[in-house]
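User: I would like to learn how to read charged pairs and surface patches in a model. Please start with the terms and then go through the cases.

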Amino acid sequence: MSKPLKQIHLAAHFPGVNNTTVWSDPRAGSHIAFDSFVHFARTAERAKFDFLFLAEGLRLREQGGRIYDLDVVGRPDTFTVLAALAAVTDRLGLTGTINSTFNEPYEVARQFASLDHLSDGRSAWNVVTSWDAFTGENFRRGGFLPQDERYSRAKEFLATAHELFDSWQGDEIVADQATGTFLRDARAGAFVHHGKHFDIHGRFNVPRSPQGRPVIFQAGDSDEGREFAAAEADAIFSRYGTLEAGQAFYTDVKSRLAKYGRRPDQLLILPAATFALADTDAEAEELAREVRRQQVSGATALKHLEFVWNRDLSGYDPEGPLPDIDPDVDTDHIARGRAQVRMYRDPLATAREWRELAAANNWSIRDLVIHTGNRQNFVGSPSTIAKTLNEYVQADASDGFILVPHITPTGLDEFADKVVPLLQEQGVFRTDYEGTTLRDHLGLAHPDETREHRAAS
């Protein structure tokens, strides 16, 4: 007996602070003007996507004490953008990345509960932690937390936020004008939390929202991150794009759910996915090569090499050979606040490997960065991409994808117009929204139902 077809979940990631966003392309628009967000969101909603996803950057990254201007600089405040988008969309989910290391539970819970009310139940929170002192310098506490403390704080942060959301049951407001009775229970919103990271008590001042709580996303590939997602998240935002890596990640995370009393369908796996789409596969391959060269200019290639070499390499020719000098492993890192600092834990070994690759393939510095950096996950014609996306989902490499176009705000348009109809024809993607909330779109139960299920089991 054949397995029933899984329905594909699709979301749209507004490109953020990274060099993979080709802001220098003549077709690119603003990354801060509201019109850009509106166009992007309305395209996603026209295509019946589950949600729009905003990343977060809490500090401008720099290299050698200067702003890293090869990134898209800046990001408007997440809640401001999502609240504004709630007014110009009707069904599209609104997902914001909000940091648990440098915020407070009461403030964040209040903001998400408000967004859920304003959007009629379309809010979602991507819970992340911050790992570096560079970002921490922007905040009162300064510094940063070691990894075990970051996840300890994140778990208590989320648990505290849930206590605040749940301090209202949803039936307290009577608003009887005849009797002058507004609340059925004058104790509504009361909370007390005493813990390692937070010691607060009072009254939560936002009544129960349509979803009860925002949908919870988690982005993290470490063992701690996977465990956190299995215990608490509704969906996990991963970075695995190949079929084999996706299947391994999918199996690992889903296998962790049972010990928390959860079923596999209560956590969705939604990796980020980039794409190069053209009329034919050959044209798409050529487009992918062109985009990669746009993403990795000569200046960008040198900056990326500095992540490993930890030296100023501005005097080198990006079209020439790799430096023969070894990485500097004895001084503070030149690229503060960048994830690549953690990726290359053995710079000397990485430098040796890259020199061997460059020599074997006759690659320049720029060629090396182009080929060793992140490439498009899906390349092809509309039919090829639709077929491949569906194969990944049916093979349990993911439950869907969060698409990250390289152009803003029009980079999603062609996918919406050419790929989505093919998925609809295959019967694996909706032709219209069947519900009103983001939980409806994702097939997730209301938190009250989930809590009752866990109590019963």
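Analyst: Helices (H or I, at least four residues) and strands (E, at least two) are DSSP runs, numbered from the N terminus. Strand E8, for instance, covers residues 181-183 and contains Leu-183. The model is predicted, so local features need pLDDT of at least 70 and side-chain atom pairs count only at pLDDT 80 or more, while totals for chains, interfaces and linings use all residues. Residues are numbered from 1 along each chain as its sequence is written, and side-chain values use heavy atoms, with hydrogens and water left out.

User: How many salt bridges does a search of the whole structure find?

Analyst: Side chains of opposite charge can pair when their charged atoms come close. A salt bridge is a side-chain nitrogen of Lys or Arg within 4 Å of a carboxyl oxygen of Asp or Glu. The search finds 26 of them in the whole structure. One of them joins Asp-417 to Arg-46, with 2.5 Å between the closest N and O atoms. This pair links distant parts of the chain, 371 residues apart: Asp-417 is in helix H14 (residues 413-425) and Arg-46 in helix H1 (residues 34-46).

User: Is Asp-417 buried, partly exposed or exposed?

Analyst: Buried means under 20% relative accessible area, exposed over 50%, and partly exposed in between (1.4 Å probe, protein chains only). Asp-417 has a relative accessible area of 45% and is therefore partly exposed. Arg-46, at 45% relative accessibility, is also partly exposed.

User: Which side chain does Lys-418 meet in a salt bridge?

Analyst: Lys-418 pairs with Asp-279 at 3.4 Å, N to O. These two residues are 139 apart and link distant parts of the chain, with Asp-279 in the loop between strand E15 (275-277) and helix H8 (281-295) and Lys-418 in helix H14. Asp-279 counts as exposed because its relative accessibility is 57%, whereas Lys-418 is partly exposed at 33%.

User: How far apart in helix H8 are Arg-289 and Glu-286?

Analyst: They are three residues apart, so about one helical turn separates them. Their side chains meet in a salt bridge of 3.0 Å, N to O. Arg-289 is partly exposed at 45% relative accessibility, and Glu-286 is partly exposed at 42%.

User: Which residues are linked in a network of salt bridges?

Analyst: The network contains Asp-223, Arg-226, Glu-227, Asp-252, Arg-256 and Lys-259.
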